[in-house]
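Student: I'd like to learn how to read the aromatic rings in a protein model. Can you walk me through it?

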Amino acid sequence: MTNAMMTHTTYMTEALRLAEFAATIGEVPVGAVVVMNGEIIGRGYNRREIEGQATRHAEIVAMEEASDALGAWRLSGCTLYVTLEPCLMCAGAIYQSRVDEVIFGAMDTKAGACGSLYRIHEDARLNHRFLVSHGVLESESREMLQKFFRRRRQRRDGRVAEGARLEI
């Protein structure tokens, strides 16, 4: 395994840990981290259910935290690691924030905007393009999502887990 792949695996492992926590509180298990110069400067997990806001996707939360850390909206020089291919909204936010690269685990054939349904990252009509690669811890990301939705279909009661807490 190359050093770059080990680094990618390290950051994606952190994104998976965040996704796992999201699942414990009843959120779709997606996690994301923003990395700059080898340091995680933003973390996020899905928060739509607990905050009652459609825009609280893992990527958005991680990018907001990174912007706060930098004191700027522009995330040039940053890489976003996310367990699931970004949707159209998140791909737009990635474009707007000028993230350099997105690395994700599993493809999202129903809503993906970085390769599956759309290719926002390479649209020549836009004034910023970003690199995209996928497949880092893909099976782990996909299995976590499949397990979550399998359990959700079995339960059908939508309860949020009591007392869940994330340790960073």
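This is a predicted model: local features need pLDDT of at least 70, side-chain atom pairs count only at pLDDT 80 or more; totals for chains, interfaces and linings use all residues.

Student: Okay, so is tyrosine 11 buried or exposed?

Tutor: Tyrosine 11 has 10% relative accessibility, so it counts as buried. Tyrosine 81 counts as buried too, at 4%.

Student: And how do I describe two rings together?

Tutor: A pair of aromatic rings is described by the distance of the centres and the angle of the planes.

Student: How many aromatic pairs does the count come to here?

Tutor: The count comes to 3. In one of them, the ring centres of tyrosine 11 and tyrosine 81 are 5.1 Å apart and the planes sit at 45°, so we call that pair tilted. This pair links distant parts of the chain, 70 residues apart: tyrosine 11 belongs to helix H1, tyrosine 81 to strand E3.

Student: What about phenylalanine 148 and phenylalanine 149?

Tutor: Their centres are 5.2 Å apart with planes at 80°, so that pair is edge-to-face. Phenylalanine 148 is buried at 6% relative accessibility, while phenylalanine 149 is partly exposed, at 32%.

Student: Which residue lies over the face of tyrosine 95?

Tutor: That's arginine 98, at 5.3 Å from the ring centre.

Technical notes. Residues are numbered from 1 along each chain as its sequence is written. Side-chain values use heavy atoms; hydrogens and water are left out. Rings of Phe, Tyr and Trp (its six-membered ring) pair if their centres lie within 6.5 Å; planes under 30 degrees apart count as stacked, over 60 as edge-to-face and the rest as tilted. Helices (H or I, at least four residues) and strands (E, at least two) are DSSP runs, numbered from the N terminus. Buried means under 20% relative accessible area, exposed over 50%, partly exposed in between (1.4 Å probe, protein chains only). A charge sits over a ring if NZ of Lys or CZ of Arg is within 6 Å of the ring centre and within 35 degrees of the ring normal.
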